[in-house]
Amino acid sequence: MPLLAPHPPLEFDASGAPVSTLYGDVFRSRAGAWSEARAVFVDGCELPQRWAQPAGRGAAPFTVLELGFGLGVNFLATLQARRECASAAGRLHYVSVDAHPLARDDLARAHAALGAPGHDAQAL
């Protein structure tokens, strides 16, 4: 099976938004990547409500499957929400599939540009 081609190096438009030269589109909402990820992905999928464990259920693992990792903003928003959710129990499994994953350095640059908490490249 052939390997998927990596995404070309990330570029930024005049407003500072990360742009995909492969698809000719911005990687996030111009209104705000973090608020969009929280509202559309985390809250839209009702993740905090679904993490609440019914009595007697124990600490069952919870799996999220995402198509298109992009900049990883949905992953970071999910991880933050999971850490904030006092009722969340068990292990979180996060699986994401992307045909053209970004390079580690491009993710670090994008996270810095978007103001990601803890955007240190070593943390990626």
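Guide: Start with Arg38 and Glu84, which form a salt bridge with their closest N and O atoms 3.3 Å apart. The model is predicted, so local features need pLDDT of at least 70, side-chain atom pairs count only at pLDDT 80 or more, and totals for chains, interfaces and linings use all residues. Residues are numbered from 1 along each chain as its sequence is written, and side-chain values use heavy atoms, with hydrogens and water left out.

Visitor: What makes Arg38 and Glu84 a salt bridge?

Guide: The term asks for a side-chain nitrogen of Lys or Arg within 4 Å of a carboxyl oxygen of Asp or Glu. Arg38 and Glu84 have their closest N and O atoms 3.3 Å apart, so the pair meets the definition. Arg38 lies in helix α1 and Glu84 in helix α3, so the bridge ties together parts 46 residues apart in sequence. Helices here are DSSP runs of H or I with at least four residues, strands are runs of E with at least two, and both are numbered from the N terminus.

Visitor: Which residue forms a salt bridge with Asp43?

Guide: Arg38 does, with the closest N and O atoms 3.8 Å apart.

Visitor: Why is Asp106 called buried?

Guide: Buried means under 20% relative accessible area, exposed over 50%, and partly exposed in between, with a 1.4 Å probe and protein chains only. Asp106 has 9%, so it counts as buried. Its salt-bridge partner is Arg109, at 3.3 Å, N to O. Arg109 has 40%, so Arg109 is partly exposed. Both lie in helix α4, three residues apart, about one turn of the helix.

Visitor: How do you know that Leu67 is exposed, and where does it lie?

Guide: Leu67 has 72% relative accessibility, so it counts as exposed. Its place is in strand β4.

Visitor: Which residues touch the most other members of the largest nonpolar core?

Guide: Phe41, Val42, Leu47, Trp51, Leu71 and Val73, out of 19 residues. α1 gives the most to this core, with four residues. Such a core is a set of buried Ala, Val, Leu, Ile, Met, Phe, Trp, Tyr and Cys residues joined through side-chain atoms within 4.5 Å.
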